Amino acid sequence: MDQQRREPFYVAGSGCGARVSGFGGPPGRCTGGATYAGVVMFATEQKQMLWLAFACAEHADQLDAPRRMLPRDEAARDERHRNEQAARSGRPYTRPQPLALGRDARELHAKALRWAAAHAEAAEGLIP
Ligand SMILES: [Zn+2]
């Protein structure tokens with residue numbers, strides 16, 4: 001699927017989804033703790049998917065409409081973490097799902113961007 005993104009970003013995890021280059025090794029996921037939540041859109045002509053995604057402070061700018069985590073974001077992150085642990089140990093788990101698909105995804109993404117624009121001053125104070 002084509003991505004409208006500058007950099008690859010893993011959207012479905014409980015930690016920061018940014019990719020970072022290792023010390024001489026292959027690129028891996030950032031190990032920074034997730035303290036910001038935002039949305040990431042994957043879109044083609046036919047299909048759009050909007051994900052809730054998490055990032056550390058350093059990579060918050062890779063999210064659309066980033067904000068410091070709210071309690072509901074922390075709950076979503078904690079649930080993903082429980083599912084990741086369950087998957088690793090072979091227990092039943094629930095695969096993370098996009099926030100919205102298709103037209104709903106486009107509308108929610110636009111709403112998030114409007115929110116971010118309206119709160120740009122506050123965000124500048126939060127994101128280093
Ligand atoms: Zn990060």
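Biologist: Why is β3 largely enclosed by the rest of the structure?
Modeller: Six of the eight residues of β3 are buried, so the strand is largely enclosed by the rest of the structure. Bear in mind that this is a predicted model.

Biologist: Zoom out. In what order do the strands of the open sheet come?
Modeller: The order is β5-β3-β4-β6, four strands with antiparallel pairing. β5 and β6 (100–101) are the edge strands, each pairing on one side only.

Biologist: What holds strands like that together, in general?
Modeller: Backbone hydrogen bonds pair the strands of a sheet, parallel or antiparallel.

Biologist: How many helices and strands are in the protein chain?
Modeller: Three helices and six strands. Along the sequence the pattern reads β-β-β-β-β-α-β-α-α.

Biologist: Now the core. Which residues of the largest nonpolar core touch the most other members?
Modeller: Val39, Val40, Trp51, Ala53 and Ala55 do, out of 22 residues in that core. At least two core residues come from each of β3 (36–43), β4 (48–55) and α2 (102–118). β4 gives the largest share, six residues.

Biologist: Take Val40. What is it in contact with, leaving aside neighbours within four places in sequence?
Modeller: Val40 is in contact with Phe9, Val11, Trp51, Ala53, Leu63 and Asp64.

Biologist: What share of the 128 residues counts as buried?
Modeller: 24% of the protein chain. On contacts, take pairs at least 6 apart in sequence: 59% of those join residues at least 24 apart.

Biologist: On to α2. Which of its residues are buried?
Modeller: Ala105, His109 and Ala112 are the buried residues of α2. They span an arc of only 65° around the axis, so they sit on the same side of the helix.

Biologist: And what is exposed on the other side of α2?
Modeller: Arg103, Ala110, Lys111, Arg114, Ala117 and Ala118 are exposed there.

Biologist: What covers the buried residues of α2?
Modeller: The cover includes β3, β4, β5 and β6.

Biologist: How far does α2 reach from first C-alpha to last?
Modeller: α2 reaches 25 Å with 17 residues, close to the 24 Å expected at 1.5 Å a residue. Helix α1, residues 71–88, reaches 26 Å with 18 residues, close to the 26 Å expected.

Biologist: Why does Ala65 count as partly exposed?
Modeller: Ala65 has 18 other C-beta atoms within 10 Å. Buried takes 20 or more and exposed takes 12 or fewer, so a count in between is partly exposed.

Biologist: Which glycine takes a positive phi just after α1?
Modeller: Gly90, at about 75°.

Conventions:
Residues numbered from 1 in each chain as written. Predicted model: local features only at pLDDT ≥ 70, side-chain atom pairs only at ≥ 80, totals over all residues. Core = buried A, V, L, I, M, F, W, Y, C linked by C-beta atoms within 7 Å. Contact = placed C-beta atoms within 7 Å. Pairing = 2+ DSSP bridges. Expected span 1.5 Å × (residues − 1). Arc of directions from axis to C-beta.
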